[in-house]
Amino acid sequence: MVFDFRLQVFNTVARRLNFTKAAAELYITQPAVTKHIHELENQLNTKLFERNGSRVKLTQAGEILLHHSEQIFEIYRNIEFEINNLSQRQGGKLRLGASTTAAQYILPPILAAFHRKFHNIQVTLTIKNTEEIEQALQNKEIDLGVIEGFSKNAAIKYIEFLKDEIVLVASSKNPTASTGAVSAEKLKEIPLLMREPGSGTLEVIAHALKMIGVSIADLNLEMQLGSSESMKLYMLHSDAMALLSIHAVLKELQSKECRIVDVEGLNIERYFYFTILHGQHEALPELFMKFSRYVAK
């Protein structure tokens, strides 16, 4: 879909709040990013960013433009998707692979909607941990992966899909949960449930903990389990706490069966990623990725 590239540059800088990262994401130079932003500011006759050394902050005008640019890009995606599929009769077989969190909590409603729209496409879903999904992709046992974590395998292309947050949760009956927050030192004492080695969730957690001076070895691991669902059910029937995707506990949080316990200084945000092999250009994986973004927005 053709649109003003300057608006895309602005949107990328506004999301990243970093000119260097925006340039890398857009595959252009940092001076080119700066030039596009200056041209847009001149066109609108207002400043969109406040710059203080290496720090970048949106102005009020920038906040307004970010809000509307997100809406504009959503309209573009919808137009492109609907027009591209207006007269196409899609068919064939799509082999999906997904890590357990994505398979249990993200994909089911998307798959149901996909089947309603493209009932001639036969979809199979393999559920394994992130490491195993990447291996299946390289072995060409699946066409498209959906994973959490980002292991940077050189043979694989990672495409951002959906933002997620990992939170520390406890049963509402757990006395420690009533405080609502714990320190990094206190976290080391709490009986914890974690995912198994090879899990993308465990990889992301380990990286975030390192930022507050805590390693996995420092923790009081009560048990490592192979799925978010088993961790959640264990947590609800014990005094252990669990680090889980917010998507895994939405219903339990709403019903007040469990609650989030903040860890001081710890913020674990990540993306679910689509994974394909570099150089792979197949129609059905592309169609599923476009449809998933369309439904998940």
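# Contacts, cores and buried residues

Analyst: Of the contacts in the chain with a separation of 6 or more, 74% join residues 24 or more positions apart. Contact means heavy atoms within 4.5 Å. This is a predicted model: local features need pLDDT of at least 70, side-chain atom pairs count only at pLDDT 80 or more, and totals for chains, interfaces and linings use all residues. Residues are numbered from 1 along each chain as its sequence is written, and side-chain values use heavy atoms, with hydrogens and water left out.

User: How many helices and strands does the chain have?

Analyst: The chain has 11 helices and 13 strands. These are DSSP runs numbered from the N terminus: helices (H or I) have at least four residues, strands (E) at least two. The C-alpha trace spans about 55 × 55 × 40 Å along its principal axes.

User: Why are H1 and H2 called oblique to each other?

Analyst: H1 (residues 5-16) and H2 (residues 19-26) pack at about 130°, and their axes are 8 Å apart. Axes are lines fitted to C-alpha atoms, for helices over the stretch in contact; angles run from 0 to 180 degrees between N-to-C directions. Under 35 degrees is roughly parallel, over 145 roughly antiparallel, 65 to 115 roughly perpendicular, and the rest oblique. The angle of about 130° falls in the rest, so H1 and H2 are oblique.

User: Which residues meet where H1 packs on H2?

Analyst: H1 brings Phe5, Gln8, Val9, Thr12, Val13, Arg15 and Arg16; H2 brings Phe19, Lys21, Ala22, Glu25 and Leu26. They divide into 6 nonpolar, 2 polar and 4 charged. Here Ala, Val, Leu, Ile, Met, Phe, Trp, Tyr, Cys and Pro count as nonpolar, Asp, Glu, Lys and Arg as charged, and the others, Gly among them, as polar.

User: What makes Thr100 buried?

Analyst: Its relative accessible area is 10%. Buried means under 20%, exposed over 50%, and partly exposed in between (1.4 Å probe, protein chains only). Thr100 is therefore buried. This residue sits in helix H5. Beyond four places in sequence, Thr100 touches Ile127, Lys128, Arg195, Gly226 and Ser227.

User: How do you know whether Asp143 and Glu282 are buried or partly exposed?

Analyst: Asp143 has 9%, so it is buried. Glu282 has 39%, so it is partly exposed. Asp143 lies in the loop between helix H6 (130-138) and E5. Glu282 lies in the loop between E13 and H11. They are 139 residues apart along the chain, yet their C-alpha atoms are separated by 8.5 Å. Glu282 is also among the contacts of Asp143, along with Lys93, Arg95 and Pro285.

User: Why does Tyr158 count as buried?

Analyst: Tyr158 has 15% relative accessibility, so it counts as buried. Strand E6 holds Tyr158. The C-alpha atom of Tyr158 is 9.2 Å from that of His278, 120 residues away along the chain. In the whole chain, 44% of the 297 residues count as buried.

User: What makes a set of residues a nonpolar core, and which have the most contacts inside the largest one?

Analyst: A core is a set of buried Ala, Val, Leu, Ile, Met, Phe, Trp, Tyr and Cys residues joined through side-chain atoms within 4.5 Å. The largest has 25 residues, and Phe114, Ile121, Leu144, Val146, Phe161, Phe274 and Phe288 have the most contacts inside it. Elements supplying at least two residues each include strand E3 (92-98), helix H5 (100-117) and helix H11 (283-296). H5 gives the most to this core, 7 residues. Apart from this core lies another, of 23 residues, among them Ala170, Ala208, Val263 and Leu266.
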